Amino acid sequence: MLDLALKHDNQSVKNVWFSSATSALIASLEAVETHGKWVAVAPNVCPNVIAAIFASGAKPWFVDIEPQRQGIDPKLLTGVISQVAAVIAVHAYGVPCEIEQIAEIANEAGVPLIEDCAQADGAEFLGKAVGSFGDIAVFSFGTGKIIDAGGGGLAVVQMCFQDNIDKVINDWPEADNGLISDELGSVYRFFYNRFYPHNVEVIQESFLAFIKKISPLFKTRCNTKTIPHLIERRKELEAIIEARREKYSIYIKHLSGTNLIQPLPLLQGVVPWRFNIIIDVSYRDLLFKQLLNSDVKASTWYPRISIFLPNHSYKTTSDLVAKKYECGLLNLWLDETISNEQIVQNCGFLKNKIAQLMIEH
């Protein structure tokens with residue numbers, strides 16, 4: 001676990017606190033000087049990551065994911081690394097990406113590496129904490145994250161970029177940008193629910209304009225009075241991880257062998273963000289709607305964010321693997337908002353609905 005003393009390759013690193021992980025990511029991108037340049041990132045990311053890229057004056061270069069860990073494919077990254085100013089390695093769903101290979105590629109090319117650990121606080125790759133491979137690591141304490149403190153973000157900054165990030169945030173106000181994040185999420189969900197997947201092209205320019213308008217509002221530091229609370233909450237990390245893994249095991253116990261369901265494996269070092277399953281594309285959306293109508297907490301995040309953007313605003317490699325997961329992924333809650341008993345009940349409901357769908361279709 002990355003503790004609050006935080007050492008990075010035997011060099012001191014600095015904790016810089018923000019009002020959100022989005023704010024921390026913007027500051028990190030500006031600190032590594034990405035303005036007017038391309039930033040490599042996976043296509044299956046939340047809109048806040050893209051907001052951060054545009055807020056820093058950069059543009060996203062989407063690099064497809066590899067199937068085992070759902071993070072940037074190192075082989076594809078090698079082909080674009082000479083043309084990007086930074087890499088954002090997202091540890092999606094609490095699963096560490098192939099961060100060791102990604103770090104080697106970035107280091108060899110002299111390209112700064114930012115680890116997005118917003119969904120993976122406490123996860124490890126080959127026994128080493130996520131956030132300790134890159135030049136800067138970003139963590140989140142927002143709603144639904146591994147540690148939900150109601151908001152807040154942290155950038156863990158290696159020595160060579162500490163002066164840069166201090167200059168970037170020198171005139172940033174201390175403020176809570178939770179309402180801004182809520183607005184971004186609300187607009188994104190509206191576009192997703194109304195236009196995805198068949199009519200997304202009609203809102204691409206509107207979505208891009210909205211992202212560019214709202215993203216600078218994330219440039220805020222954390223209220224200094226809030227920081228002790230975030231530090232105290234992070235001391236609960238090991239207990240939170242243990243509880244999440246227990247809930248994951250309950251899902252596995254009650255859903256193993258269920259037709260149409262393929263749980264994503266709990267690899268070594270993973271901290272479950274949600275319980276992620278792959279479902280046949282013919283049934284996924286039908287099942288998802290039935291779950292929502294029955295107040296079972298579920299989502300289909302994250303589709304390729306590129307499909308919401310006009311072609312001129314980004315570059316891409318292929319996105320075939322990300323598309324596969326986009327069409328079949330369903331994730332179910334396992335945080336403190338759901339009890340073990342509720343998980344058992346939801347598993348029974350899920351199996352019954354799948355059985356009905358198979359009979360009907």
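Which side chain meets Arg69 in a salt bridge? Arg69 pairs with Glu98, at 3.7 Å from N to O. A salt bridge here is a side-chain nitrogen of Lys or Arg within 4 Å of a carboxyl oxygen of Asp or Glu. Arg69 sits in the loop between strand S4 (59-62) and helix H3 (74-80), and Glu98 in the loop between strand S5 (86-90) and helix H4 (99-109), so the pair ties together parts 29 residues apart in sequence. Helices (H or I, at least four residues) and strands (E, at least two) are DSSP runs, numbered from the N terminus. Arg69 and Glu98 are both buried, meaning under 20% relative accessible area, with exposed being over 50% and partly exposed in between (1.4 Å probe, protein chains only).

A quick word on what you're looking at: it's a predicted model, where local features need pLDDT of at least 70, side-chain atom pairs count only at pLDDT 80 or more, and totals for chains, interfaces and linings use all residues. Residues are numbered from 1 along each chain as its sequence is written, and side-chain values use heavy atoms, leaving out hydrogens and water.

Searching the whole structure turns up 9 salt bridges. One of them joins Lys14 and Asp166, at 2.8 Å from N to O. Lys14 is in strand S2 (residues 11-18) and Asp166 in helix H5 (residues 162-168), so this pair links distant parts of the chain, 152 residues apart. Lys14 is partly exposed at 30%, and Asp166 is partly exposed too, at 29%.

Now find Arg304, whose salt bridge with Glu326 has its closest N and O atoms 2.5 Å apart. Both residues, Arg304 and Glu326, are buried. Salt bridges with shared partners join Arg304, Asp319 and Glu326 into one network.
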